[in-house]
Amino acid sequence: MFKLSENQIRSFNEDGFLIVENLIDDDTVELLRARYRRLFKGDFETGILPDEVNWQEATGDPSLTRQICNGWKADRAIARVVLRADLGQAVAELGGWPGTRIMIDNVLWKPAQTRPLAYHQDNAYLKWFEPSELLSCWIALDDTTADAGTIEFVRGSHRWRHSLPEGEFHGPKEYRKYMELAAAREGVEPEIVYVEVPKGGGSFHHGWTWHGSGDNTSASRSRRALVLHAMRSDTHYVPEHLGQGTGSIYSRYKRLGDNVIDENYFPILWTKDGYRTPGIENYLSAD
Ligand SMILES: O=C(O)CCC(=O)C(=O)O
């Protein structure tokens, strides 16, 4: 069970991110690695297609970082990690939120010699729900290093002005370009911090923190990560903006008659009042 200290919460508020160890144990790392191999071959345990399948073994560009979003719907080993109540609690404590739901997960695999993911601010893609805030927990499935393209953050950038999404996300030539332009607008020299942790460790980041990851220049080391992107438990759809950012995909779960974000698709992991979406446990224990 993961628990934050007061110091860690203070440090997160100051920096816009927090680096931690021991989010998952070695057995879980091994299990997830095996599930990643299956998912990228199109072998989905539950039979359900993840919401975004950006890379598959038969068709994917071998120079790109492999990505699947909402692997939890396809695979219960993924779900058992990203639907954890203690991670939901940690996110709520960092955000000062009443509770946490999953918005999406990211299943990411950056093999040796593959390309970067562009710097961005997560909150810039979220006009389709309100409050438009995301807070994320990034979990390494390999020992991570700067040369193997680990995630990197700009310290204090959650306090910068808000930028709109721009440029190519997957494999851009200059992956820091839009962050550097934003830094110039702020009149500051960006301080970049690499998340270098043993497998099973990782980080939390604020939705306005600039982050991305470089080329994996290592000879043979993969850099895999599982990410829980979480929203507040009390979010709702914004009908005027359903097609914006990631809303063009995730607004498909909007109910016809109201703006409620349905727990079946965005389960609540933890709230201060002790609530957790009841169906989660059934789902996690099914064969
Ligand atoms: O793992 C990476 O390379 C970047 C992931 C990312 O953008 C995120 O977790 O928000």
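Here is a short tour of the model, stop by stop.

Before you click anything, remember that this is a predicted model: local features need pLDDT of at least 70, side-chain atom pairs count only at pLDDT 80 or more, and totals for chains, interfaces and linings use all residues. Residue numbers run from 1 along each chain as its sequence is written.

**Stop 1: the ligand.** Select Asn106, Leu108, Leu117, Asp122, Ser136, Trp138, Ile151, His211, Ser213, Ala225 and Val227, the residues around the ligand (C-beta atom, placed from the backbone, within 6 Å of it). By class that shell has six nonpolar, four polar and one charged residues (Ala, Val, Leu, Ile, Met, Phe, Trp, Tyr, Cys and Pro count as nonpolar, Asp, Glu, Lys and Arg as charged, the others, Gly among them, as polar). Now colour E4, E7 (135-140), E11 (211-213) and E12: each of these strands supplies at least two shell residues. Helices (H or I, at least four residues) and strands (E, at least two) are DSSP runs numbered from the N terminus.

**Stop 2: Phe204.** Go to strand E10 (residues 202-206), where Phe204 is found. Phe204 counts as buried because it has 27 C-beta neighbours inside 10 Å; the cut-offs are 20 or more other C-beta atoms within 10 Å for buried, 12 or fewer for exposed, and partly exposed in between, with C-beta atoms placed from the backbone. Leaving aside neighbours within four places in sequence, its contacts include Phe12, Phe17, Val91 and Leu135 (C-beta atoms, placed from the backbone, within 7 Å). Draw a C-alpha to C-alpha distance from Phe204 to Leu135: they are 69 residues apart in sequence and 7.2 Å apart in space.

**Stop 3: helix H2.** Select residues 26-39. Which residues of H2 are buried? Leu32, Arg35, Tyr36 and Leu39 are. They cover an arc of only 110° around the axis, so they sit on the same side of H2 (the arc is that of the directions from the helix axis to the C-beta atoms). On the other side, Asp26, Asp27, Glu30, Ala34 and Arg37 are exposed.

Stop 4: Most residues other than glycine have a negative phi, and most peptide bonds are trans. Asn70, not a glycine, has a positive phi of about 65°; look for Asn70 in the loop between E3 and H3. Finish at the cis peptide bond joining Glu130 and Pro131, with omega about -10°.

Terms used: Expected span 1.5 Å × (residues − 1). Contact = placed C-beta atoms within 7 Å.
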